[in-house]
Amino acid sequence: MSQLSSGICRRLNEAPQEEIDQLASGHTVQLLSIKKVAPTSSSTTATDRFRIIISDGVHFVQAMLATQLNDLVANGDINKNTVVVIDKLACNFVQDKRLIIILDLHVVSRDEEKIGAPTAPPPTQDAPAPSVVETASSSIASPATSSSTGQAKQPQPQPRTGPSGRGGRSVYPIEGLSPYQNNWTIKARVTQKSDIRTWSNQRGEGKLFNVTLMDESGEIRGTGFNTVVDELYEKFEEGKVYYISKARVNLAKKKFSNLQNDYELSLEKNTEVEECLETTSVPMMKYNFVELSSLEKLERDNTCDVIGIVKEVGPLGEITSKATNRTIPKRDLTIVDMSQYSVRLTLWGKQAEQFTADDLPVIAFKGVKVGDFGGRTLSMVSSSIMTVSPDIEEAHLLRGWYDGIGTDQNFQSHTSGSSGASFGGFNRSEMRHLSDVKESQLGMSDKAEFFSTRATIMHIKSESISYPACPTQGCNKKVVDLGSGWRCEKCDKTFERPEYRYIMSMAVADWSGQAWLQGFNEAGLAVFGKTADEVHEIKERNEAEYNALMAQASGVTFNFSCRAKQDTYNDQTRVRYGISRITSLDYHEEAKHLVDLLKSPWAK
C-alpha cells in the first residue's frame, strides 16, 4: 500500500495564499473521484473539464484537473483510487472561495484500494490573499504527445512581490481566469502577435489585433480594438514575457480562435502591460504533435500541431478572395515526417511572400487547419504559429532521422485519387445509402452537410467532362480561345495551349436508389486513370475510342465522401451532391471489416 502525504489536504484547505507556493509540489495523494464537469449553457468550446477529489488518507478536498492533463483521463492513465504525486498545483481565490488546480502529476500506482477513511477537513473561512505572490513557477511536464521548450525545472519559489505598482494583486495562472474575477494579474509569454487588421461595414470602420498569451497552465487569446491598438500594439513583442492586468475576461468566440480555453481577454484603455525580465518560469511553446499519417483521423476544419521537414517549396502564387475581391499571396510547402507521409501545407500573405528554405529545415506548426481538398491538406490561419528549426527534442530527432535515412525514403500522401490507398475521411461506420440521404433531406439546411456512401457509376455525361483551364499553378480558371492563344483574365496572360481539367456529372446507384454526383479534377483522375488532357486528346482524335472509355468507366464501384448543399438555378432550388473524395475499393480492408463485423455483438 502506498504511503500518502498525511495532512496535505487540510493544509491546502486552510493555508493563506502566500503559503500556497510552498505547498505546490511533491505530495502523494489518492484520487477518490474523477468526474467530467457538465458544460454550461453559455459554453462555446468542446474542451472537457474534470473535477477530481484528492485524499491524503485523513481528509479529502476537491480540485480541478488542468486541461493539458485531459489525455491522462482519456487514455485511462488515471482513474478512481489511482495514487499520484502532484508535481505542480495552483490555488486561486474566487469570491472568497479557493479553487485548487492540478497542473502536473505523475502516477505511482493504479491498483489500489481506498486508503484510510478520509473525511472533509473542518470548515475554514478563506480570506482573500493580502499580497502578490506568484503561483509555483517550476515547469510542467505535458502528456506524452506534447512537448515544450524553455521548461527547465526550477527550485521551489519563495513568495515574492509582483511588478511595481501591482501591490495587492495575485499572479494568477491563465487556467484559473474567469469573468467573475476582477483583481488579477497574469504573467504570460506572447507566442503569437497578429498584424493590425482593418474592417469597414455599415456600422463604421475600425481596426484590431490579437495576441496569444501562454503560461505554464494554458493559453488565452487577447484582442484589442481601435484606440487600444494605438496604445498596446507596439508594447507586445513575440517571445517576450509580460505582466498583464485590468483586461476584461469574456466568453471565447470560437469562430475566431482555436485555443482550448472557454475565455478570452478584451484589452481595454486601462489595461496594464509591463514587461517581465524574469522569464524562466514561463515556457516558450507547447505542442501536441500529430503524425502526418494520422491526419486522416481528424475531421475537416479541425486544428492540430505538426512538425516536419520541408521537402519542397512551391512558387509564390495568389488567389482572389470571393468576399473582398482582393488578391492574397499563397505558397504551398510539402512537408514529411518519420511516419513516411507527406502533406501539402499552405502559407498565406506575408508569410508566403517572405518564406525561404534552401536547406530543408525542420519546421514546427502550431494550430494549422485541416482541409480535405484532394486528400488531406493543412493551411495556416491567423492564429497559427510557424517556428523554423525549433530547439526541441522532436525537431532534433526528426533532423537526425532525415539526414540519416529519411532522404532515401518514399513518402505516401493523403491523395483522394490514389488507387488502393486508405480512404481518409470515408467513414465506413457512418456510411449511408442513397435513399437515406434523400429521405433525410441532407443539404436542405443553410449549411453544407457531409456524408459517406458506396455506389456504382451507372452513367457519365460525356458531352462535356472537362474545360480548358489556366496552366498557372493554383489558378485553374477557365481560359478563352482567342485564335492566337488562350487568354486567362485573372492572370492577365495568354498561353499557347490550356491545361484541361475535369468537371464531371455522373449518375451513381446503390441497392436503394440513384443520385447525380458532381466531381472535379481529382474525381476524374480516379475514374479514368488519365489526365483530362489525355482524355480530351482521345475525344478529338477518335470518337469511338472515347465512347469506349466512357463505357469502361461505368459499372465500377467507388467509396465516396460527398458534400450536400442547396443550389438555386433559374429560380429552382435543388440539392447538389459534390464529390469531396473518391477512391477505389480496397478489398483487403473491406474483407477485414466484414470479419470484424462477424466477431461483433451484432453477429451474435
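Which residue takes a positive phi in the hairpin of S19 and S20? Before I answer, let me note for colleagues new to this structure that the model is predicted. The residue is Gln340, with a phi near 65°, and the hairpin has four residues between its strands.

Let me now turn to the two strands themselves. S19 covers residues 327-336, and its pairing with S20 is antiparallel, with seven bridges. Within this pairing, Arg331 is placed opposite Leu347 of S20.

Strand S20 comprises residues 341-348, and six of its eight residues are buried, which leaves the strand mostly covered. S20 also has parallel partners. One is strand S22, residues 377-379, joined to S20 by three bridges; here Arg344 faces Thr377 of S22. Another is strand S24, residues 412-413, which runs parallel to S20 and is joined to it by two bridges. In that pairing, Ser342 lies opposite Ser413 of S24.

I move next to a pair of helices. Two packed helices are described by the angle between their axes and the distance between the axes. For helix H9, residues 532-541, and helix H10, residues 543-553, the angle is about 135° and the axes are 5 Å apart. How are H9 and H10 oriented to each other? Angles over 145 degrees would count as roughly antiparallel, and 65 to 115 as roughly perpendicular; H9 and H10 are therefore oblique.

The contact brings Val535, Ile538, Lys539 and Arg541 of H9 against Glu543, Glu545, Tyr546 and Leu549 of H10. By class, four of these residues are nonpolar and four are charged, with no polar residues.

Definitions and conventions. Residues numbered from 1 in each chain as written. Predicted model: local features only at pLDDT ≥ 70, side-chain atom pairs only at ≥ 80, totals over all residues. Heavy atoms only, no water. Buried < 20%, exposed > 50% of the residue type's maximum accessible area, 1.4 Å probe, protein only. Pairing = 2+ DSSP bridges. Axes fitted to C-alpha atoms, helices over the stretch in contact; angles between N-to-C directions. Parallel < 35°, antiparallel > 145°, perpendicular 65-115°, else oblique. Contact = heavy atoms within 4.5 Å. Nonpolar A, V, L, I, M, F, W, Y, C, P; charged D, E, K, R; others polar.
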